Amino acid sequence: MRNGREETMKPLEKILDAVKPHFRESGRFGRFWPLFDSVETFLYRIPVPTKSGAHIRDSFDLKRMMIMVMLALVPCIVFGTYNVGYQHFLASGLPGTALQCLAVGAGVIVPMYLVTFGVGLGWEVLFAIIRKEEVSEGFFVTGTLIPLIMPPTLPLWQLALAVTFSVVLGKELFGGTGMNIFNPALLARAFIFFAYPRSISGSGVWTLTQGRVVDTYTMATPLTSAADAAGSVIGHLSSQGYGFTDMFLGFIPGSIGETSIPAIAIGALVLLVTGVGSWRIMLSVFAGGLAVAALVNALAPGPEGMMALPPAYHLVMGGFAFGAVFMATDPVSAAATNTGKYIFGFLIGALTIVIRVFNPAFPEGMMLSILLMNMFAPLIDYGVVRSGVRRRKKHAAR
């Protein structure tokens with residue numbers, strides 16, 4: 001019984017209830033039921049009660065977890081929007097207020113999000129219709145992450161191709177949300193990196209430069225500058241205007257959402273307090289990165305080269321912190337066992353530093369290390385489980 005709900009329904013809800021029979025299995029638009037269902041459940045909470053059997057009740061479901069992740073990303077989105085405009089005015093040699101910086105940044109980020117969600121949700125709906133399943137909400141987090149790990153100058157048509165690759169080949173090919181092996185957002189970045197390397201590498205893609213650009217301003221990221229340093233790496237970074245404080249705060253060129261450590265830290269706090277993000281993975285990524293960075297720094301023959309970069313600098317440069325908090329902790333593509341999470345995270349941090357230091361062709365390293373460990377995550381969990389079984393057998397045999 002609806003208890004008078006008909007009399008208090010909103011006009012839009014009345015319209016949805018009126019057309020719903022046409023989208024049922026026997027209706028003329030029955031094949032489009034997944035699309036209708038996704039719209040209805042997005043707009044309204046559907047009162048479907050438990051009917052029979054035992055059911056687990058918990059404060060978290062997929063939608064709530066996604067909301068928490070998206071909420072945790074808000075500081076990165078806001079700061080990234082501002083920094084896009086800030087870098088634009090800095091490169092152009094023109095004054096710009098905070099509101100002007102936000103306006104310029106919004107002019108870049110809003111179209112990127114429109115393309116990302118338009119293309120990504122379009123593919124999700126299409127596959128749901130083909131499979132006659134409900135539309136999964138899993139793309140909302142992926143769609144929120146993708147623009148944040150891209151340069152602000154990326155052409156929108158390339159972004160659309162990257163989203164298509166991510167959704168179709170990176171997720172739906174494996175069975176949809178929860179079945180993917182690799183982090184879908186990082187697959188979009190990897191697609192751009194290998195298909196259109198000029199759009200995501202070099203010194204000309206990280207800053208919008210319309211109008212006059214001052215001669216003393218560099219548009220390369222700190223990682224690229226450090227990799228290209230001919231003399232003292234710290235001295236070279238300082239000469240380019242990349243002090244540790246600026247890199248920590250995020251007032252540097254780079255991917256839209258990856259530059260600000262305070263913004264990332266706020267997001268990490270949200271994920272940890274709500275229990276959505278794995279503190280084991282976050283901690284072990286930073287531990288692995290610091291351990292290997294300290295080792296190679298101790299072995300550095302002089303102040304030149306990436307080996308001489310102090311360990312703390314690696315944490316505030318590139319996408320290390322962002323990857324540790326938002327990418328490595330993806331519950332689908334990461335290790336699932338507690339011990340496996342420590343191993344998984346440590347190897348990500350360690351491999352990132354190894355790639356940065358010893359492979360100048362890939363100065364970032366975080367993307368490749370996470371995708372590589374995504375592939376080995378099932379093997380890590382298998383090893384941990386088998387090790388536990390062996391220990392218990394030995395204990396039982398005593």
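Predicted model: local features only at pLDDT ≥ 70, side-chain atom pairs only at ≥ 80, totals over all residues.
Two elements, H13 and helix H16 (338-358), each give two or more residues to the nonpolar patch. The greatest contribution comes from H16, with 4 residues.

For the protein chain as a whole, the accessible surface is about 19,900 Å², and carbon and sulfur atoms account for 66% of this area. Of the 398 residues in the chain, 46% are buried. The secondary structure consists of 17 helices and 0 strands. When contacts between residues at least 6 apart in sequence are considered, 71% join residues at least 24 apart.

The mean pLDDT of the protein chain is 83, and 82% of the residues score at least 70. Among the elements, helix H13 (residues 279-298) has the highest mean pLDDT, 96, whereas helix H1 (residues 5-8) has the lowest, 45. Over residues 1-8 the pLDDT stays under 50, and the model has 4 contacts beyond four places in sequence for this stretch. The pLDDT is also below 50 over residues 52-56, where the model has 1 contact beyond near neighbours in sequence.

Terms used. Residues numbered from 1 in each chain as written. Heavy atoms only, no water. pLDDT = per-residue confidence, 0-100. Contact = heavy atoms within 4.5 Å. Buried < 20%, exposed > 50% of the residue type's maximum accessible area, 1.4 Å probe, protein only. Areas by Shrake-Rupley, 256 points an atom, 1.4 Å probe, with all protein chains shown as cover.
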